[in-house]
Amino acid sequence: MQPGLVDVPVLSDALGSIGVVEGAVLLPFDVKRFYFIHSVPAGAARGSHAHRYLHQLVLAVSGSVNVELDDGVTVQSFALTSPAVGLHIPPGYWRTLTDFAPNSVVAVLASHEYDETDYIRDYDEFLSWSRRA
Ligand code: T46
């Protein structure tokens with residue numbers, strides 16, 4: 001499955017805006033976990049791993065971040081600059097998050113509970129795994 005940008009409906013009025021992710025409507029997976037990344041120091045990179053079976057929707061709910069996705073052959077880069085557009089990352093992509101704007105908050109909706117055995121944190125192991133898959 002390919003990664004892709006997902007438009008998130010945002011309802012705005014004089015009091016502000018609300019973005020709504022209804023998993024069954026927007027996502028090809030059921031959401032079992034929500035976590036968020038914040039207080040990232042300037043210049044820091046996060047990620048540098050792949051998941052064997054996890055699907056995720058990554059949203060820069062405040063600020064912006066760059067997400068690089070590598071399937072072992074091709075590298076794609078996505079600039080997330082708005083809470084109205086998320087990035088669906090299917091299993092099998094080595095991801096690197098960089099260029100966090102100051103005070104960014106990155107929210108992640110995930111298809112499964114946390115499971116360290118789902119992570120591949122060594123790039124050479126990832127390449128071997130992705131060639132076999
Ligand atoms: C991903 C990117 C976008 C937990 O105990 N439970 C959790 O639900 C998560 C997400 C992490 N952790 C622990 C595991 C590590 O000891 O928190 C520590 C930091 O996690 P990690 O180094 O994996 O953080 P990131 O920002 O590199 O990656 C996270 C997610 O782990 C990962 O799934 O795709 O955000």
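Trainee: What should I know before reading?

Mentor: This is a predicted model, where local features need pLDDT of at least 70, side-chain atom pairs count only at pLDDT 80 or more, and totals for chains, interfaces and linings use all residues. Residues are numbered from 1 along each chain as its sequence is written, and side-chain values use heavy atoms, with hydrogens and water left out.

Trainee: Which residues are around the ligand?

Mentor: A residue counts as near if one of its heavy atoms lies within 4 Å of the molecule. Here the shell is Arg33, Tyr35, Ile37, Arg46, Gly47, His49, His51, Gln56, Arg95, Tyr114, Tyr119 and Arg121.

Trainee: How do those residues divide by type?

Mentor: Ala, Val, Leu, Ile, Met, Phe, Trp, Tyr, Cys and Pro count as nonpolar, Asp, Glu, Lys and Arg as charged, and the others, Gly among them, as polar. The shell has four nonpolar, four polar and four charged residues.

Trainee: Which strands supply the shell?

Mentor: Strands (E, at least two residues) are DSSP runs, numbered from the N terminus. E4 (33–37) and E5 (46–51) each supply at least two shell residues. E5 gives the largest share, four residues.

Trainee: What is the strand order in the open sheet?

Mentor: Two strands pair if DSSP finds at least two bridges between them. The five strands run E8-E7-E10-E5-E12, with antiparallel pairing. E8 (75–80) and E12 (119–120) are at the edges with a single partner strand each, so one side of each has no neighbour in the sheet.

Trainee: How many bridges join E7 to E10?

Mentor: Five bridges join E7 (residues 65–70) to E10 (residues 94–98), running antiparallel. Val67 has Leu97 as its bridge partner in E10.

Trainee: Which strands form a hairpin?

Mentor: E2 and E3 do, with two residues between them. E2 (residues 10–13) and E3 (residues 16–19) pair antiparallel over four bridges. Val10 stands opposite Gly19 in E3.
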